[in-house]
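Subject: Structure handover

Hello,

Here is the structure I promised to pass on. Please open it and keep it beside this message while you read.

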Amino acid sequence: MPKRSARYRLVAVAAAFAAALSGCGSIVDGKPTVALPANANLTVIGDSHDSFDTSVKNALSDVMTFWRSAYPSVSGGAALPPIKGGLFSIDGAQVVQTGVVSGPAKHEGCVAEKPSFIVDNAAFCTLDDSIVWDRDYSHLIGALTKRYGQLLFALAFAHEFGHAIQYRLGIFDKNPLVIDTESQADCAAGAFLASVLAGKASHYVRPDAQQLDQALLGYLQVRDSTPVSGADISHGDGFDRISAIDDGLAHGATFCFSDTYFNRKFTERPFVTDSDYISGGNESLDQVLDPNNPNQDHNAGGLQPDLNRFWTAAAKRINKTFVPVKIAEAAHPRCGASASSEFGYCPDDNTVYYSKSYAAAAYNSLTARQIDPATGDVALNDNQPADFALGTLFAIGWGMAVRHQLFGRSIDGADALLSASCYVGAYAKDINHEPTTTTAEFLLSPPDLDEATSAMLTLVGSDRSFGARGTTGRQRIQSFVTGYNQGLSSC
């Protein structure tokens, strides 16, 4: 994998067909129960003094406060050096219209080199140790904020300040891969997020679980588009980015900047077959629901037979027998008392039931970003196809069957749902690799882990499927990532 220049350390997203920069975003809305402090008084070159720049200054003020305390723990005791090059706000719409940046902000190091890079972007620039952003409300950060809430500013600029920490620690001098430094900056954003959740960020009301889940869902929108080749890998897919955020949230800044952090394994990979590329990695809805449907690339069985294959083999390893699960269409599962459920596992007949309408909604559940190249405006398009979002629900059903069949455990409650989420992660790892030419396998396509991540945050906890059962999206993601990284023994 080739190494890349470290000039721009960005939260950016490009049009789907462009070779551009991708980035981060996510958010916290809250109803304050205590008075927030006065807005931060930071000097910003090109400051519009509107609510956008005010929110950025508040976010950066809290991020800087966090790092003044945390930096000695990653620097061997040294105090945090200030940002020398300054903070810069730029009207991205003006750049799109004119091709230039006007006023003193045009002297920011990376903008002076290439003005257009700032459109739909925020960045730390290594050329002059500065942070710069596009403040247009219709561009990336503004559009994501409108949908996912105000924690966007906190995570976006905590990510950029993570690059500033790398710069101060001399990490860029070692010429690491871009995906390594981007992941580390995501981890740094998660470490800061922990202080927000602990109520230690002055300008943010402590978010509740739903607001945090919205933030993580928003972060999916700044994942890389599936790369054309390995050379296009930069920031990571949504699974990579959200798991890095959660590592920082769970383990703190010292973990993010430990000597072993760059040993991290990533899941982002390009398409390798023409048919997968053309389909966007998706089978049709009918194919997902047909257990006898052969995989078109490898003539392997469909999802349901492969789940039975995986669990039959896993059961044999512990000297047990797994009875293959069936699927059936029905308005509601033929067990349980929830009138709202349209998807679930029934142990009495070892069947996963689904309604066709909910299966269709789950299949078409992804939100995709789109950038208008003429204006830079960002649209978030709902109801996009995601075959493994629906596949994840089936895999959860099989996980419930494993609890019931192999261990005689309850399939009700939070423990069951988190355990099943972990099982889905272990199964996903088993089928997430490039196809071989010698075996017929059912495999994930490159976008599928993002679809599963989205499903864990939204579909799995829906009352129309398994229900939240007191779990949060973040908890389900954590269990999913644990199963993926550590295998069945961790579940």
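Start with phenylalanine 153 and phenylalanine 157. The model is predicted, so take each value as computed from it. Both residues sit in helix H5 (residues 151-169). They are four residues apart there, so about one helical turn separates them. An α-helix has 3.6 residues a turn, so residues three or four places apart point the same way.

Are these two buried or exposed? Phenylalanine 153 has 3% relative accessibility, so it counts as buried. Phenylalanine 157 has a relative accessible area of 0%, so it is buried too. The cut-off for buried is under 20%.

Now look at another ring pair. Phenylalanine 310 and tryptophan 311 are edge-to-face, with 4.9 Å centre to centre and 85 degrees between the planes. Both of these residues are buried.

How many aromatic pairs are there? The count comes to 20.

Next, helix H7 (residues 209-219). Why is H7 described as largely enclosed by the rest of the structure? Eight of its 11 residues are buried, so the rest of the structure largely encloses H7. Among the buried ones are Leu212, Leu216, Leu217 and Tyr219. Asp213 is also on that list, and so is Gln211. What do the buried residues of H7 pack against? Their partners are helix H4 (140-148), H5, helix H6 (178-197), helix H8 (238-251), helix H16 (448-457) and helix H17 (473-486).

Then the loops. Proline 37 lies between strand E1 (8-12) and strand E2 (44-45). Its relative accessibility is 39%, so proline 37 counts as partly exposed. Leaving out residues up to four places away in sequence, proline 37 touches Ser202 and His203. Asparagine 58 is 21 residues from proline 37 in sequence. In space, the two are 9.7 Å apart, C-alpha to C-alpha.

Most residues other than glycine have a negative phi. Asparagine 350 has a positive phi, near 55 degrees. Find asparagine 350 in the loop between strand E7 (343-346) and strand E8 (351-354). With a relative accessible area of 9%, asparagine 350 is buried. Arginine 469 also has a positive phi, near 55 degrees. Arginine 469 is in the loop between H16 and H17. Its relative accessible area is 27%, so arginine 469 is partly exposed.

Finally, step back to the whole protein.

- It has 17 helices and 10 strands.
- The C-alpha trace spans about 70 × 50 × 40 Å along its principal axes.
- A compact globule of 491 residues would have a radius of gyration near 23 Å, and the protein agrees because it has 23 Å.
- Buried residues make up 57% of the 491.
- Of the contacts between residues at least 6 apart in sequence, 70% join residues at least 24 apart.

Best wishes

Technical notes
Residues numbered from 1 in each chain as written. Predicted model: local features only at pLDDT ≥ 70, side-chain atom pairs only at ≥ 80, totals over all residues. Heavy atoms only, no water. Helix = DSSP H or I, 4+ residues; strand = E, 2+ residues; numbered from the N terminus. Rg over C-alpha atoms; globule rule 2.2 N^0.38 Å. Buried < 20%, exposed > 50% of the residue type's maximum accessible area, 1.4 Å probe, protein only. Contact = heavy atoms within 4.5 Å. Phe/Tyr/Trp six-rings, centres within 6.5 Å; stacked < 30°, edge-to-face > 60°.
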